[in-house]
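Notebook open, and today I'm looking at pockets.

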Amino acid sequence: MGRRLAEVAEKVGVSEATVSRVLNGKAGVSAATREAVLTALDVLGYERPVKLRGDRARLVGLVLPELANPIFPAFAEVVGGALAQQGFTPVLCTRSAGGITEAEYIDLLLQQQVSGVIFAGGLYSERDADHAHYERLEDLGLPVVLINASIDELGFPHVSCDDLIATQQGMEHLVSMGHERIGLLLGTADHVPSERKLAAARAFADRAGLDLPDEFVVHSRFGIEPGQAAAAKLVERGVTAILAASDPLALGAIRAVRRAGLEVPRDVSVVGYDDSALMNSTDPALTTVRQPIDQMGRAAVDLLASLIGGGTVSRDELLFEPELVVRRSTAAAPRG
């Protein structure tokens, strides 16, 4: 019981005494706090006391593309906690190869009469994907918030990490160490954040007087194995540094460098993107550009809560600035 009280109190941001009063049905607790405590019980997997098992708290869908990339569990933790604090219960939906599709998850969420949906890394960021289920949500007027860049046709509010600043930070770091042959390891060609990163890299190269030929740009599905295969092409073409669009892609690049009989960072430096869990424990520890997931996740929940409450929010993209985290996967460009 003590552990349960402490965990729920921390999740909601109240005292253990307040949690105890809610669980024991005592007075002196506001309706909003009471609802937040009960929601936190649901989120943490604890059963509500029998006398408190009334109507379920308002449900919010949280749709993620995968859990293998640790950035998405991190977003789920932030968003889930922020939803619980505002009296919502998150319903986690994760796509998988051969499993339930994003559109099918929307059908299930609508059947559950969710109050709104938050998407992170969904098909809205892929120009060539089917977007009919998003249009359906727009037609229904269901509150929806997107995390990270979207195609222009969708009018949902969204919060994003600034891809331009992220790319500049990575390029500036590599150039400062003497790298001139910098390769880009990006997501698929129709992936909007990767499009932005490529445009930012080309603009930076123009200002810095660097060559960024097409052969120094490769596209890949996200993941370590696809990243390794794509990065091998960059290594063959003689780059001395690789700027990747995700941490798993960067880890794949490190594999490709080693498979070629070279070393990171002696022969090729590698920069990732996200600063997801354990990137300081890889070999070598990964230099990467950190997304401010806590601020982004909380902002997404605030926007959704305002929409659910009948408020009006801006449809303009809310940009958050990333931070370069320098570790041991980058070093001075090799001589000669």
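This is a predicted model: local features need pLDDT of at least 70, side-chain atom pairs count only at pLDDT 80 or more; totals for chains, interfaces and linings use all residues.

Who lines the second largest pocket? I looked up the list and got E7, E10, K11, E77, V78, G81, A82, Q85, D294 and R298. I then checked which elements give two or more residues to that lining, and found helix 1 (2-12), helix 4 and helix 11 (293-308). Helix 4 gives the most here, with five residues.

Next I sorted the lining of the second largest pocket by class. I noted six charged residues, two polar and two nonpolar.

On to the largest pocket. I have its space down as about 670 Å³. I count 27 residues in its lining, and the ones nearest the centre are P65, F72, G121, H191 and F222. For this lining, the elements giving two or more residues are helix 4 (71-85), helix 8 (192-208) and strand 9 (269-274).

Which element gives the most to the lining of the largest pocket? I find helix 4 again, this time with three residues.

By class, I get 11 nonpolar, nine polar and seven charged residues around the largest pocket.

Terms used
Residues are numbered from 1 along each chain as its sequence is written. Side-chain values use heavy atoms; hydrogens and water are left out. On a 1 Å grid over the protein atoms alone, a cavity is a set of points where a 1.4 Å probe fits but cannot get out, and a pocket is an open set with protein on both sides within 12 Å along at least five of seven lines; lining residues have an atom within 4 Å of a point. Grid points are joined across faces, edges and corners, and a volume is the space filled by probe spheres set on the points. Helices (H or I, at least four residues) and strands (E, at least two) are DSSP runs, numbered from the N terminus. Ala, Val, Leu, Ile, Met, Phe, Trp, Tyr, Cys and Pro count as nonpolar, Asp, Glu, Lys and Arg as charged, and the others, Gly among them, as polar.
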